[in-house]
Amino acid sequence: MTSAANWDIASAAPELAVSGLTVRFGALTALEGVDLALRAGEVVALAGENGAGKTTLIRSIAGDVTPVSGVIRVGGQSVAPLPSAAARLGVRVVWQDLALSDNLDVAANVMLGNERRSHLFSDVALHRDAARLLDRLEIPLRDTTRPVRLLSGGQRQMVAVARAMAHNPRLLLLDEPTASLAAREAALVERLITRLRARGTTILLSGHDTELMFRLADRIVVLRHGRVVTSVLPSEVHPDDVVALVSGQPVDSSARFQLSRLHGLAGRLVAADPSSSLSLILSALGAALGSERLAIHLLEDGGLVRAASLGMPEALLDAWARLPVGAAGGPAGLAAERQAPVIEENLRAGGGSWDVFGDLARPARVASSWSVPVLGPGGLLGVITVFRAMPGRPRRDDLDLASLYAGYAASAIERDRLLEELTARNRLLETIREMLQTLAGPVPTPAGLRIALQALRGGLGADEVALVAALPDGTMLSRGYSSPGDHEPDRQPPEATLAVAAAVLDRADPDGVAVAGPVSLGTRRAGGDLSGRYLSVSFALPDGRTVLLAGWQDGTRSDDATALLEDAANSVRLALERERALIARQEAMALRQSRELQRTFLRRLSHELRTPLTAITGYATSLLQRDVTWDADSQQRFLSRIAAESSRLGRLVNDLLDFSTIESGILRLNSDWCDIPLVLEAAVAVLPPEAASGVHVAEMPGLPSIWADHDRLEQVFVNLLGNALGHNPPGTRVDVAAALDEPRGAVTVRVADDGEGLPSELARAVTAAAGQRDPRWHDVLAAGTIKPRRRGSGAGLGLSIASGIVAAHGGRLELEPVDRGTCFLVTLPIEKPLADEKPVTGVQAR
């Protein structure tokens, strides 16, 4: 057996070559004199009991264990006992414990250790590259944002394999890839390994699942007590033989062979895909009988339909594709009718049940046949027919053997039918679970609806699923749509689908009840009768009726589609009601905050108005007292204070008018070509002499003129300079500089001071508001709800007015972080903004 299965190393340069490998852990010898070689693209399985040395061999090849002696070469190069050295030679390992990070999502785990520079700066690039890798490996994990801890065992295994395959490794090592996985999860991993094998990946896998090795491996290497016992080809041995070799028992291929084959068939039927069960049974029966031509028909709709065949002549394939029960169906039809074997021992003599096929037996080289019914607990399930090239009756043992295999076929058919029912039920439950988990999770409702509709379409096996609402004005609003190959998040349903949805809503079906059948499309009809292939559930919401619609191209749907669509519609309705309640709460909270800001603003405004009025009234009253005579200096001082407070009151009123104009969107600009240096010079000239001395304006050669309102820009810079000087300690320095921003066609003016800076809470409010594009932060500044630790006083409108004026010019007022003081950037376009451009409002935060 060993010589027949051994691979001639000299026939090709090995991808992996292990020679004389010995590994010891103290006094324990884990591997001794191991020789192993793998061709490029070959899949080799390591079989052995626990402690045989399988994992130690994989660890040695991966550079994780230092051997006592021996050489390991990958692609002709020696592997140093370091994981990094093996990795550089293209060796990747998927360990049994997977080594995944449960706190990370799918994309982060897939690209862990495979990161590119772009991944460090962009989550979008990370998820895009992870999705491309999963698509390339045909791994069915579409949501790369899903945490790994929420994945099933099989899905986690596929994530680990994807990470190992990121750079197309030369050699992939799999340490017990299906251990501790359920049959369904193990099947997912097996299909992935099959696809990797088809791609030409060289794979060395270890495990205990002998049947898996026979399905996947080109060779099976048996280890026992740290030594290679033998190397066998799956095509030349039976799984029981490998089990015997692993356990050290003698291999017996004589009398027990038939029982061994039956025992192996039973095991393979349990693990096999349902669609291949009958083919496995026919193959095993043909080997047992020494016959190469067999067929099995199943009873469907009162007739016999060929479900599987082995070596059946071309001349018979069409004629035996579907047979009636009875004499018209030939020997198979008679066996089904009588529920007993029908034997035709000599077709060359003519006559018998083959007469219905004319002279078809001769060109097909069929001289005899016998048909055995497949009977289950409920009666006839099918018929097995054996074709032979020589006449004669079968031996009694052959009939008994065929009847025994017919019993296996009956069990497989019953199992497959039960499995189909359970699969359909599990698909229903899994779809509902996934929808509930998505809609009840932290994902925003629109995105959650898209994901839920994709899951629903998969569970229904439908070609499209749409969620459509009817607005009060009769407009159809799509809340979500899913179809095959749909990767656009905001894709709209076709007109034909919207027409059917509108007709269903016009029909006024009972709430929450799935309805199928024709609908009257009326004038919305898009051509052809499209309604017969749809199933719909409609329900009422406070803002109108909504319909959940599923469509099948051929109109064929599963029996549980109705229940699934009704349950899904109920989940969607609850999600929409929850979204509506959340929006209502947010609106109520925003309204309360707005009212509180208004009250605070009015209180402060009242204080700001009352202060100058009180001073004016006090000084005027003092001057008007008849019993007091004021000297000329006192009168002049009183009148100066009255004039100053009147000016202050006037500025406050003007600020209020400007603020109201800006908020109403009716601010008018008297624009003309103006020079920024002249605007800044005028703004500095307005300041008191002692304050103006602290302003330093840098030279600005080569600045172009800009299209702007000179007086309004002067107002902006007076406000910024006044704030920098008036709200900081004496001696504060203010630096002003302007520069040309050619790529954006704009001029940027930088106003920076070295004072105390904005309070942290006020800076955070400005930064957060700018990041959220929320104009309501103006209310925070205007209302003065955050008390700054700065000198001076005012109504708090200046910064809002300045930002509004800059925005009216199509520019931006930005707060730039600095180590000391405060820095504002004013960016103004050179040319007049286009009429359809929307200026950015508010202070932006860099």
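T145 touches D105 and H127, not counting residues up to four places away in sequence; a contact here means heavy atoms within 4.5 Å. This is a predicted model, in which local features need pLDDT of at least 70 and side-chain atom pairs count only at pLDDT 80 or more, while totals for chains, interfaces and linings use all residues. Residues are numbered from 1 along each chain as its sequence is written, and side-chain values use heavy atoms, with hydrogens and water left out.

Back to T145, which sits in the loop between α5 (123–136) and α6. With a relative accessibility of 48%, T145 counts as partly exposed. On that scale, buried means under 20% relative accessible area, exposed means over 50%, and partly exposed is in between, using a 1.4 Å probe and protein chains only.

**The overall picture**

The protein has 24 helices and 29 strands. Of its 846 residues, 46% are buried. Looking at contacts between residues at least 6 apart in sequence, 64% join residues at least 24 apart.

As for individual cysteines, C674 is buried at a relative accessible area of 7%, and C823 is buried at 1%.

**Helices against helices**

Two packed helices are described by the angle between their axes and the distance between the axes. The axes are lines fitted to C-alpha atoms, for helices over the stretch in contact, and the angles run from 0 to 180 degrees between N-to-C directions.

| Helix pair | Angle | Axis distance |
|---|---|---|
| α6 (153–164) and α7 (183–198) | about 25° | 7 Å |
| α19 (676–686) and α21 (710–726) | about 50° | 8 Å |
| α21 and α24 (798–808) | roughly 145° | within 9 Å |

The angle classes go like this: under 35 degrees is roughly parallel, over 145 roughly antiparallel, 65 to 115 roughly perpendicular, and the rest oblique. That makes α6 and α7 roughly parallel to each other, and their crossing is right-handed. A crossing is left-handed if the near helix is turned anticlockwise from the far one by less than a right angle, and right-handed if clockwise. On the α6 side the contact uses G153, G154, Q155, Q157, M158 and V161, which meet E185, L188, V189, L192 and L196 of α7. Sorted by class, that's six nonpolar, four polar and one charged. For the sorting, Ala, Val, Leu, Ile, Met, Phe, Trp, Tyr, Cys and Pro are nonpolar, Asp, Glu, Lys and Arg are charged, and the others, Gly among them, are polar.

By their angle, α19 and α21 come out as oblique to each other, again with a right-handed crossing. From α19, the contact takes in I676, L678, V679, L680, A682, A683, V684 and V686, and from α21 H710, L713, E714, F717, V718 and L721.

**Loops worth a look**

Is G821 buried or exposed? At 18% relative accessibility, G821 counts as buried, and its place is the loop between β27 (812–815) and β28 (822–829). G821 touches D753, D754, G755 and G757, leaving out residues up to four places away in sequence. With D754, the C-alpha distance is 4.3 Å across a sequence gap of 67 residues.

Most residues other than glycine have a negative phi. D301 has a positive one, near 55°; D301 lies in the loop between β11 (293–300) and β12 (303–310) and is exposed, at 78% relative accessible area. Q339 likewise has a positive phi, about 55°, without being a glycine. Q339 belongs to the loop between α13 (330–338) and β14 (342–344), and at 41% relative accessibility Q339 counts as partly exposed.

Notes
Helix = DSSP H or I, 4+ residues; strand = E, 2+ residues; numbered from the N terminus.
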